[in-house]
Amino acid sequence: MTTENNSIIRVEHLYKLYGMNKEAAREMLNRGAGKDEILKKTGVTVAINDVSFEVERGKIFVLIGLSGSGKSTVVRCLNRLCRPSSGDIFFEGINIRELKKKELLEFRRSKISMVFQSFGIMSHRDVLGNVAYGLEVRGLKKAEREERSMEMIKMVGLEGWERKSIDNLSGGMKQRVGIARALANDPDVLLMDEPFSALDPLVRRDMQFELLTIQEQLNKTVVFITHDINEAFKLGNTVAIMHDGGIIQIDTPEGMASNPANDYVENFINGADKTQVYTVKHIMQRPGCLIRSKDGVINALKQMREQGISSAYVVGEKMEFRGVLTLDKALRVKAGEIVFLDAIENDVPTTTAETQISELLPFAAEARVPIAVVDDKFRLCGIVSKAAIIASMV
Amino acid sequence: MPDWITRFPKSLSINIKDPIDKAIDHMVVNWSPFFDVLKTGLRAFLNLIGFLVNLVPWWLLIIAVFALTLRMTRKRHKAVLYSLMLLFIGAIGLWDLMYQTLTIVIASVFISLLIGFPTGILISYGRRADAIVRPILDTMQTMPSFVYLIPAVMLLGLGNVPAVIATTIYAIPPIVRMTSLGIRQVDREVVEAATAFGSTRFQALVKVQIPQALPTIMSGVNQTIMMAIAMVVTCSMIGASGLGSEVVTGINRLESGRGVAAGAAIVILAIIIDRLTQSIFKKDGEAS
């Protein structure tokens, strides 16, 4: 079968229990008891509960879940940093649970490597020393391991930094070192345990992009952990969502978004698009130029000139929203071509503070001026500019 | 009212003094071959250290301290001050005694590190080893230092050899504790990374855990040296030669001047060693 040949890792019925009374816990699991109940009655923590999945060669497999869902433990079982309580893990058909000590070392040195959330960088070594670490423990000659490490350092864009101390590096650069170190061994599989969670959003986006580039170039298999659904959907060919130690759904991002298995998955996915969570009140601003209808056109023009804005929001005595006065209409009023009250445009789109941003998107595309936010008595509370809406989506 | 309510009853008392005395007596009689070997070995070791220390003439030591201080702290006034302080020890006629003290300190610290460092690594690994060693360390540190001078004298006689043993026992806890603490404190992910890249246990220890723990281990070394200096002085009670014996003589003869002069020399020695070792370790800390 083609799918069989394509899979590089196959996990079957993996369990990991922490605690003394594992037998009793196992029995309760078989009866379908919950994680909390088992912990209460037996003192055993169920970290992984019957997890099975397959990872395709050359693809990015994403495990997503909240903290404590067991995703980190699953990944640590894949390179045996953590010993599974039961179940099997096949790597290219070899059961890695049965590896002997020496075989395990060999497996870790050449087949699989890892990138850590808080980088796991050794601060007593410089950049090159860190990247070369895996090759060093493998017993490569200095010249050879440094040559290979330099290639990786170039690939992650740290050329010229190889002799720098780790303390001189920013978070993003440290994780580049982590990635270079993981790639230096030329492994088949890269395990990444929330590698970008500790980075700030802009750096994170760069790193995601770079990971995709590198993955395309080297065609590595990646098992990626995250708690960020956007990241999962952006990077993953396949996404598995975990909850309480078990996998709820495994699917492509498209498949999961269009066909969530249950409410938990749906809630998770809803978090993906922020415009469906954020409402107008999160992003509205004070209008730059606010005039009262009795103020008159001279005042309006003066304010617009001072603020450098081409439209003013007109309100009545009690802040009730009347409309928008644009610069060219105001000039025509001043020239005596039209009267002030006629110049106010009142077909401006309005919305309320509780509206979801996603509902605004159709208006926002059409609107010439920022959308006015009004309350139930039609009083002006603020405005929402196109820029603010776009900013909320990223 | 019965007597046992107000006073601790005699019937509950046990005698532990006599069995201990008997055990020590037994060891003195029956284990003497072992202690003879120990004594001979330690004496040879002490002679070797003493020989090496005495290879350094007084002016070379002063120049060395000056140069070292200048290199480590980059402050000329400190270098001048420390050299003058050393010169002062020589000027008040205590140079040779200081060398004797230094010999015992170096020997004791060497043995302490030789035993303490591996022990610290061992107890950082296993919870059981830790459970066994920790109370022993606590006892060693809280037991009044005079107490183990008595069996040391009985088993090894008077002089510098029992002083080295007593000083080692007294000075070993900091290096054990700080080594174990330092290794435990290494970032979990860094150790995981070492393992994940296929390090053997020994590789992870030597290439990652010990270097990462080095600043903490070094402050343990510093404390061990300081405690050794303090104990060597106390050991003059059992005949250790050096500055401490001057103090003891001062007490016996009620000569305040002699006592204060020797005391001042001890303080100077301690300050210089402490500052120099600290600045070396700080440099290490910055580099890593």
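Reply: Let's start with who touches whom in chain B. Take the contacts in chain B between residues at least 6 apart in sequence: 75% of them join residues at least 24 apart. Keep in mind that this is a predicted model, and everything below is computed from it.

What is chain B built from? The C-alpha atoms of chain B fill a box of roughly 75 × 65 × 50 Å along the principal axes. Of the 288 residues in chain B, 34% are buried.

Now zoom in on two of those helices, α2(B), residues 17–30, and α8(B), residues 149–156. They pack at an angle of about 25 degrees, and their axes are 9 Å apart. An angle under 35 degrees counts as roughly parallel, and therefore α2(B) and α8(B) are called roughly parallel to each other. Their crossing is right-handed. Which residues do the touching? From α2(B) come B:I24, B:M27 and B:V28, and they meet B:P151, B:M154 and B:L155 of α8(B). Sort the residues of this contact by class and you get six nonpolar, no polar and no charged.

Here's a handy rule for reading lists like that one. An α-helix has 3.6 residues a turn, so residues three or four places apart point the same way.

For another pair, look at α3(B), residues 32–54, and α9(B), residues 160–185. Here the packing angle is about 90 degrees, with the axes 9 Å apart. That makes α3(B) roughly perpendicular to α9(B), since angles of 65 to 115 degrees get that label. On the α3(B) side, B:K39, B:L42, B:R43 and B:L46 take part, and they meet B:N160, B:V161 and B:V164 in α9(B). The class count for this contact is four nonpolar, one polar and two charged residues.

Chain B also has a neighbour. Its contact with chain A takes 18 residues from chain A and 15 residues from chain B. On the chain A side, α5 (101–110), β6 (112–115) and α7 (133–138) each supply at least two residues. The largest share, four residues, comes from α7(A). Sorted by class, this side of chain A has seven nonpolar, eight polar and three charged residues.

Buried or exposed? With 18 other C-beta atoms within 10 Å, A:F107 is partly exposed, because 20 or more would be needed to call it buried. Leaving out residues up to four places away in sequence, A:F107 touches A:I96, A:L99 and A:I112. As for A:F91, it sits 16 residues away along the chain, and its C-alpha atom is separated from that of A:F107 by 9.7 Å.

While we're in chain A, helix α3(A), residues 35–42, shows how a helix can have two sides. A:K35, A:I38 and A:T42 are buried there. Looking down the axis of α3(A), these buried residues fall within an arc of 65 degrees, so they line one face of the helix. On the other side, A:D36, A:E37 and A:K40 are exposed. What covers the buried ones? The cover includes α2 (22–30) and β2 (45–56) of chain A. Just after α3(A), A:G43 takes a positive phi of about 75 degrees.

That phi value leads to a last stop. Most residues other than glycine have a negative phi. A:H13 isn't a glycine, yet its phi is positive, about 45 degrees. You'll find A:H13 in strand β1 (residues 7–18) of chain A. A:H13 is partly exposed, with 13 other C-beta atoms within 10 Å. A:M319 is another non-glycine with a positive phi, about 70 degrees. A:M319 lies in the loop between β12 (311–315) and β13 (321–326) of chain A. It has 15 C-beta neighbours inside 10 Å, so A:M319 counts as partly exposed.

Conventions. Residues numbered from 1 in each chain as written. Chains lettered and ligands numbered in written order. Predicted model: local features only at pLDDT ≥ 70, side-chain atom pairs only at ≥ 80, totals over all residues. Contact = placed C-beta atoms within 7 Å. Nonpolar A, V, L, I, M, F, W, Y, C, P; charged D, E, K, R; others polar. Buried ≥ 20, exposed ≤ 12 C-beta atoms within 10 Å, placed from the backbone. Arc of directions from axis to C-beta. Axes fitted to C-alpha atoms, helices over the stretch in contact; angles between N-to-C directions. Parallel < 35°, antiparallel > 145°, perpendicular 65-115°, else oblique. Left-handed = near helix turned anticlockwise from the far one by under 90°.
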